[in-house]
Amino acid sequence: LPGVTGPVAQIWSALSAVSGLLAVTVTFRGPLLAPVLLALATVVAVAGRSDLAARWAAIGFGVVGVAVFLDGTPPAALATATPMAAPDVMSALAASVLAAVWAAAVAWSWVRTSVDEPGARALWFGAGAVIVYAVTAFTVTVGVLIGGPGGGFLAGHMAATICWIALAAGLFSYALRARRRDARAAPIAGGLALTAAAMAKLFLFDLGTLDGIFRVVAFIVVGLVLLAMGAGYARSLAAKGDPSDSQGPQEMPAAPSC
């Protein structure tokens, strides 16, 4: 507003964010709370991407929303087949999608501003962790909803492992297409970390939990994606090659005369 100084505007923004958080938590309770908080956080992150107070408000809304989401869909519910009521299932599905979108929006809104390189890398790694958990929660919840706590639970974890390795392949593909060398470090590091996490899940959890066709499909698909990633990396190295290879035969320099 005209005539409002910076500190006063920041105080007003902080108070309005706290008031909005209290209003949402009082009005929307139960299964609706996490999706509404994450949706509000996503909208604030995108609409207020140029304002520092709005970006902090988006982080605050999202952190509270993720905490409520984790309370309704804890890691223990993903490790064992846990049937849920219909409202809780719809809340978990909506919150998992919105949590992934919020994490990406917050990281993007901060990276596009004056955040330094280590801070941007930390933001993307944090956003990646939230996205991976949200994807796992979504696939397992959909699997239990469709196939029940037996085969549906196994199918959900099989899909989660495939999604993990697919996300890693997407990060490597983005790193190969990046023109600036400094823009490749974060995607490559994230892809390596996600590949290691997918392989750890495959051998430590899926190997002992999945059975039958689910285990076979998980190992085959992950193996094929790993082979494709290796082939793509080898092709990129061959495409770069040695600059002297594309210049044809070079003439030998004449020996210096005495």
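A residue counts as buried when its relative accessible area is under 20%, as exposed when that area is over 50%, and as partly exposed in between, using a 1.4 Å probe and protein chains only. By that rule Ala175, at 3% relative accessibility, is buried. Before we look around it, a word on the model: it is predicted, local features need pLDDT of at least 70, side-chain atom pairs count only at pLDDT 80 or more, and totals for chains, interfaces and linings use all residues. Residues are numbered from 1 along each chain as its sequence is written, and side-chain values use heavy atoms, leaving out hydrogens and water.

Let's start with the whole chain. It has eight helices and zero strands, where helices (H or I, at least four residues) and strands (E, at least two) are DSSP runs numbered from the N terminus. Of its 258 residues, 31% count as buried. Contact here means heavy atoms within 4.5 Å. Among contacts between residues at least 6 apart in sequence, 69% join residues at least 24 apart.

Now turn to helix α2, residues 33-47. With its 15 residues, α2 reaches 21 Å from first C-alpha to last, close to the 21 Å expected at 1.5 Å a residue; the expected span is 1.5 Å times one less than the number of residues. Its buried residues are Leu33, Ala34, Pro35, Leu37, Leu38, Ala41, Thr42, Val44 and Ala45. What covers them? The cover includes α1 (6-27), α3 and α5.

Follow α2 to its neighbour α3, residues 52-72: their axes come within 8 Å and cross at roughly 160°. Because of that angle, α2 is roughly antiparallel to α3. Axes are lines fitted to C-alpha atoms, for helices over the stretch in contact, and angles run from 0 to 180 degrees between N-to-C directions. Angles under 35 degrees count as roughly parallel, over 145 as roughly antiparallel, 65 to 115 as roughly perpendicular and the rest as oblique. The crossing of α2 and α3 is left-handed, a label used if the near helix is turned anticlockwise from the far one by less than a right angle, with clockwise being right-handed. On the α2 side the contact includes Leu37, Leu40 and Val44, and on the α3 side Phe61, Gly62 and Phe69 are among the partners. The residues of this contact divide into 16 nonpolar, two polar and no charged. In this count Ala, Val, Leu, Ile, Met, Phe, Trp, Tyr, Cys and Pro are nonpolar, Asp, Glu, Lys and Arg are charged, and the others, Gly among them, are polar.

Helix α3 also packs against helix α5, residues 86-111, at an angle of about 150° with the axes 10 Å apart. That angle makes α3 roughly antiparallel to α5, and this crossing too is left-handed. Contributors from α3 include Arg55, Trp56 and Ile59, while Ser96, Trp102 and Trp110 are among those from α5. Here the contact holds 12 nonpolar residues, three polar and one charged.

Finally, two single residues. Ala175 sits in helix α6, residues 117-177. Leaving aside neighbours within four places in sequence, Ala175 is in contact with Arg184, Pro187 and Ile188. Between Ala175 and Gly191 there are 9.2 Å in space, C-alpha to C-alpha, and 16 residues in sequence. Lys201 belongs to helix α7, residues 185-209. Is Lys201 buried or exposed? Its relative accessible area is 9%, so Lys201 is buried. Not counting residues up to four places away in sequence, Lys201 touches His157, Thr161, Trp164 and Asp206.
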